[in-house]
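Colleague: I would like to learn how to read a structure like this one, feature by feature. Could you take me through it?

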Amino acid sequence: MVHAANINVRGLMKQAVQVMRRSVAESRADGKASPLMGAVLWEPDCRVETAYRGEFRDGDHAEYTLLERKKQAARLDEAVLFVTLEPCAPGARQYPKLSCAERIVLARIKEVWVGIENPDPTVDRKGIRYLQENGVAVHMFDLDLQREIREANKPFLEQALARAEAEEQEEPVETPSLSSLERAIPSVDLRDFSSEALERYRETANIDDPADSAAFVRRLLHLGLLEEGSDGRAVPTGFGLLLFGREPRPALPQAGLLATIHLDDGREEVRDFDGPQVFAPEQALQWLRDRLPNPIDRSDARRLEVNKRLWEMVREAVVNALIHRDYSIKGAKCQLIATKDTINVMSPGEPVEPITLEQMRSLNAPMLSRNPVLHYIFSRMELAEERGLGLKSLRDGAESAGLPLPRYKWVPPYLSLTIYRNAAALAADLAGSAESERLTGDRKTVWEIASARDKITTRELIERTGYDERKVQRILADLRDGGLLQRTGNGRATRYEVCQTGGHSHPQSG
């Protein structure tokens, strides 16, 4: 972490985005799009150096230009680097060229801020992982700047994803491994894949090759879902078995989704979704719908829309749990727990470094995936957002339905997300029994309205409740004293929001 008080992290991120836009596209006969890439180097004496792709010569990466052409003789062990695109990993460039990640490590830079990762699942996050494994602290750009970078690089990103769908890879590239599940599982073979799951993938991803064809098998090899064994046979990898295996759990005990419904009469209904994980989200959602009472059981259009949004949020949460969990925690499985007031989705593992729990709680975390291969396949099957953690969908769904914002918390070894089916459930969850007793009458009315919104003004509360301003201010003060609401802004910009355990900030910013 940078401890200097004179570094403006946000400003340097924005400068890197500005520099990125000066990138020079290569002249390529094959029509391959060049990424826009900017780099900014901050030094302890507050000097700043910049570079962009193709600045001096076609095709030169911004990191190469910065570290080898501009700062080759400089001592950079206390410098901080900001790059808009994930540095390429070892093996990504033809020998004897060094990868950008290797150049950064050799320059002894100890802190790097990365805009976005490369979406190709064969390289996704591996440059970041190489830096982390060599003692470099890595952080991600703010979400709004990530979106700006992605929009500017749309042609490159689309082609990168298309390359991931190519039938053959000219030459295998050895890159750092993100997970042991990238390797083949010797005890299984192609017969352990579900033909139904493979066919669903082929159809939703618009792949013409039949699922039993050699061309389709080559696709799976390229994506890292199969690996060629020493005898030439294609053997499922751990990720391949998770996604498409008929029964993944005998070989991967940590696979699956365990679901429980706590009924009002004290009984429980349980169900294990331990087949192909590409089927688990929709299967779990249908199971819940069949057994839970309709959250809003009237038939008018508004209430039907609330129901729709709630189930979309649950589906997004389950998909996120399956994609982003830490599969190295073998003794824990994803869990789905429902009551009449809440739906809780638990995913083993803390947020993937460098994403923090505070950023997750803000529902505005930067985009980064722990398991890029899983994320890619789920997105191709239209089960997940193309990039990112789906947090915007959770926020937008709650706000659209007038429900409280979902809340993340850490319950070792699980990252737990609670979706509230009504405002009273959030009040009880946050306030505890002593506070719950106080939330009656007018205070309960104001709390339920405020907790269903991201932020709310005094004027909006007056309009919604019909109370006069003095009464609303008195209730707001009481809820603030009770630790339920906090005030942000001043004057006309004053807003009230539900207290979170932590918020999104840059403690190292000046």
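Modeller: Gladly, and let us start with pairing: two strands pair if DSSP finds at least two bridges between them. Helices (H or I, at least four residues) and strands (E, at least two) are themselves DSSP runs, numbered from the N terminus. In this predicted model, strand β1 (residues 38-42) pairs with strand β3 (residues 80-85) in the antiparallel sense, over four bridges. Within that pair, Trp-42 has Val-80 of β3 as its bridge partner.

Colleague: What should I know about the numbering and the model before going on?

Modeller: Residues are numbered from 1 along each chain as its sequence is written. The model is predicted, so local features need pLDDT of at least 70 and side-chain atom pairs count only at pLDDT 80 or more, while totals for chains, interfaces and linings use all residues; side-chain values use heavy atoms, leaving out hydrogens and water.

Colleague: In what order do the five strands of the open sheet stand?

Modeller: The order is β2-β1-β3-β4-β5, with mixed pairing. β2 (48-52) and β5 are the edges; each has a single partner strand, so one side of each lacks a neighbour in the sheet. On average, neighbouring strands are turned by 20° against each other, direction ignored. For such angles, axes are lines fitted to C-alpha atoms, for helices over the stretch in contact, and the values run from 0 to 180 degrees between N-to-C directions.

Colleague: Which helix lies across β1, β2, β3 and β4?

Modeller: That is helix α1 (residues 9-20), running at about 145° to β1. Helix α2 (residues 62-70) also packs on the sheet, where it touches β1, β2 and β3, and its direction makes about 130° with that of β2. Contact here means heavy atoms within 4.5 Å.

Colleague: And how do I read burial?

Modeller: Buried means under 20% relative accessible area, exposed over 50%, and partly exposed in between (1.4 Å probe, protein chains only). By that rule, 54% of the 510 residues of the protein chain are buried. After α4 comes Gly-135, with a positive phi near 80°.

Colleague: Which residues touch the most other members of the largest nonpolar core?

Modeller: A nonpolar core is a set of buried Ala, Val, Leu, Ile, Met, Phe, Trp, Tyr and Cys residues joined through side-chain atoms within 4.5 Å. The largest has 122 residues, and Phe-82, Tyr-201, Phe-244 and Ile-377 touch the most other members. Helix α11 (residues 301-324) gives this core its largest share, eleven residues. There is also a second, separate core of 19 residues, which includes Tyr-420, Ala-450, Val-472 and Leu-484.

Colleague: What does Phe-82 contact, beyond its neighbours within four places in sequence?

Modeller: Its contacts include Ile-7, Val-9, Leu-12, Met-13 and Ala-16. Also among them are Val-40, Trp-42, Trp-113 and Phe-141.

Colleague: How many salt bridges does the structure hold?

Modeller: In general, side chains of opposite charge can pair when their charged atoms come close. The cut-off for a salt bridge is a side-chain nitrogen of Lys or Arg within 4 Å of a carboxyl oxygen of Asp or Glu, and this structure holds 31 of them. Glu-55 and Lys-70 form one (2.8 Å, N to O). This pair links distant parts of the chain, 15 residues apart: Glu-55 is in the loop between β2 and α2, and Lys-70 is in helix α2. Lys-70 is partly exposed at 26% relative accessible area.

Colleague: And another pair?

Modeller: Glu-269 and Arg-291 form a salt bridge with their closest N and O atoms 3.0 Å apart. Glu-269 belongs to strand β9 (residues 268-273) and Arg-291 to helix α10 (residues 280-291), 22 residues apart. Finally, Glu-43, Asp-45, Arg-47 and Lys-71 are linked in a network of salt bridges.
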